[in-house]
Amino acid sequence: MKEAWLQFKSSFFLYSFLRDPVAIVSFLIFLVLVILSFLAPAIAPHDPYDLAAIDIMDAELPPVWMAEGENRFLLGTDGQGRDLYSTILYGMRTSIIIGILAVLLQAFLGICIGLIAGYFGGLVDNFLMRLADIQLSFSTLLVAIIIGALFQTAFGVEKYEDFSLILLIIIIGIAEWPQYARTMRASVLAERKKEYVEAARVIGLKSGRIMWRHIFPNALSPILVISTVQVANAVMSEAALSFLGLGMPITKPSLGALINAGFEYFISGIWWITAFPGFVLVILIFVINLLGDWVRDVLNPKLYKH
Amino acid sequence: MFAFIIRRTIQAILVMLIISLIGFSIKHQFGDPVRDLLGVSVSEAEREALRKKLGLRDPFFTQYFRFLKNAVKGDLGFSFFYKKPALEVILKKTPATIELVFASSLIIILGSVPIGIFAAIRPQHWLTKVFMGLSLIGVSIPVFLTAIMLIYIFAVTLHWLPSYGRGDLLDLGFWQTGLLTLDGLSHLIMPATALSSIMLPLFIRLIRSEMMEVLQAEYIKFAWAKGLKRIRIWFVHAFKNTLLPVITVGGVQLGIMIAFTILTETVFQWPGLGFLFLEAVQRADTTLLVAYLIVVGAFFVITNTVVDIIYVFINPMVRITGKA
């Protein structure tokens, strides 16, 4: 443990991080957003999930600095009388949880498929990669929207809303696995020809062991490179799905669902229900993208395009 | 070369078969053609009779082949809500989406080519830094949020532009266009801008990075050494070779654009395919949903195939060896 820490302390990764103010600032903002959202139950002044505490009479109040604002509600209230600040904190937590878990699922699917395709090659490889190509040509967002629509038709709207968190993770996970599969396959192909793999095979190790214990750890860095940006993509997909009404229900809103809910009031000049969650969403995606750019530059200086 | 086109076409047909199979299973699982045809107020005995007559008791694959045969003839089923053949409903909404996608593509091309080239040949210029910064912010703003912001600024606050719909249309018989009336064009500005807002930064970054790589190449150095004019090196030698990867990526991006039309059209209530699709989902109009899947799927498969074939034509390396 201590050794790992020392190794990390003297690593190029940390060295370049500490010399890049953009990376430091965006990491700090990201950290603050994550901490705020996960401490939401403790620090939020109101509990937006507690229906008893919500009063419809408080609905559509503007933020505190405007004429009709009330001190109880820092950023105003939404159409149902929920404190917007608390709702945003809870919503951001939902968005981040879905984003990270969906990326873990896509990474798992993609890594397995990419490993198998790259290691075995031939017909298996051909089939799996064509599948990935086809799915990518449809764009991940469209695939996610279609799967979401199918799930909603299959389960019915009410059941869909009950399990929306898990369903969204599955939808985004299935929609984006080809990104990981392609990356993994490319780096497996590069590793497979190296001598240590040959050596492992000569010793008589099983394919499964060679794949997981030998090739996988060495093929990991491109996976890390795309992971950061994938989290941003997943958060964005979740917001888009929720905005279309295929995501989180308004009783348990994510940032996208909040923006959607506010859109109804928007035309009549009640801008804050949409604007604040929208702003938080953009900041969240923006800092993750900045971090993603930085990670890509550090881990893979040669691969600077796309 | 010829073999490549044949192979690519067979592949396209295979993909279409897979899409149709998926589409049909959805319809088979969730759709109710009897309800689509008769409505809900008909006795059970009559329903059963119609089910038998329509062959809904046949085995899955018999039904699938019937579906396929009809689909090839252009019959994609009957929309429950519109009381019209699904394909007819879709074709009626297609012009709106095509015009929207066309206008956005225009914005993307006219914006990204000059900015991308500029950013590549003047990487240290302050304007380049501004553009690159803006483009990173641009990719971080979801399309629907851009759309909402545009509505707030230009429709709600300034009252300059209309916030929803297509406005006055000119009927050309087979095509209702909004491009030829002033009102139609003013309705198009905001949706097209919103739709291009996420692709524009992507293309600027793509063109820039591809062009910067090309500018490092030996033959460009050689061109400089020969003393060719700057303009010629940049635009003829370098930019032409930048276009190759841009076209490949462009084909894929077209698919992404279709996905984003669903978001844009929802915000602006643009009466196109994306809006239709979301309505079909909300109304559980399975036939229409599946028809949309198949039409959009066909559109993708065709564009991707064409892009691949064009790629082979313009890439001398592939053209000569005959391999892709």
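Modeller: A nonpolar core is here a set of buried Ala, Val, Leu, Ile, Met, Phe, Trp, Tyr and Cys residues joined through side-chain atoms within 4.5 Å. Buried, in turn, stands for a relative accessible area under 20%. The model is a predicted one.

With that rule, the largest nonpolar core holds 152 residues. The members that touch the most others in this core are Leu142(A), Phe144(B), Val267(B), Phe277(B) and Tyr292(B). In chain B, domain 1 (2–85) and domain 2 (87–314) both give residues to the core, so it lies between them. Phe277(B) shows contacts to either chain: leaving aside residues up to four places away in sequence, it touches Ile145(A), Ile146(A) and Ala149(A), as well as Ile262(B), Leu289(B) and Tyr292(B). There is also a second, separate core of seven residues, among them Ile113(A), Leu128(A), Ala132(A) and Trp177(A).

Now the interface itself. The size of an interface is often given as the accessible area lost when the parts come together. Between chain B and chain A the buried area is about 3,700 Å², and carbon and sulfur atoms give 79% of it. On the side of chain B, Ser140(B), Phe144(B) and Ile148(B) supply 14% of the area buried against chain A, more than any other three residues. Phe144(B) is also one of the core members listed above. In terms of contacts, 45 residues of chain B meet 39 residues of chain A.

The polar part can be listed briefly. Three residue pairs are in polar contact across the interface of chain B and chain A, both residues being at pLDDT 80 or more. One salt bridge is counted between the chains. Arg205(B) forms a salt bridge with Asp293(A), with 3.0 Å between the closest N and O atoms.

As for the elements involved, the side of chain B that touches chain A takes at least two residues from each of helix H1 (2–30), H6, helix H7 (143–157), helix H9 (199–215), helix H11 (230–268), helix H12 (273–282) and helix H13 (286–314). H11(B) gives the most, with 10 residues.

Gln269(B) sits in the loop between H11 and H12 of chain B. Although not a glycine, Gln269(B) has a positive phi of about 50°. Its relative accessible area of 43% makes Gln269(B) partly exposed. Another non-glycine residue with a positive phi is Lys83(B), at about 55°. Lys83(B) belongs to the loop between strand E1 (78–79) and strand E2 (84–85) of chain B.

Ile137(B) counts as partly exposed because its relative accessibility is 35%. Its C-alpha atom is 26 Å from that of Ser186(B), 49 residues apart along the chain.

Finally, chain B as a whole. Its secondary structure comes to 14 helices and four strands. Of its 324 residues, 47% are buried. The C-alpha atoms of chain B fill a box of roughly 85 × 60 × 35 Å along the principal axes. Among contacts in chain B with a separation of 6 or more, 70% are between residues 24 or more positions apart.

Terms used: Residues numbered from 1 in each chain as written. Chains lettered and ligands numbered in written order. Heavy atoms only, no water. Buried < 20%, exposed > 50% of the residue type's maximum accessible area, 1.4 Å probe, protein only. Domains from an automatic or database assignment. Contact = heavy atoms within 4.5 Å. Buried area = accessible area lost by both parts, 1.4 Å probe. Salt bridge = Lys/Arg side-chain N within 4 Å of Asp/Glu carboxyl O. Polar contact = N/O pair within 3.5 Å; in protein donor to acceptor, adjacent residues only side chain to side chain.
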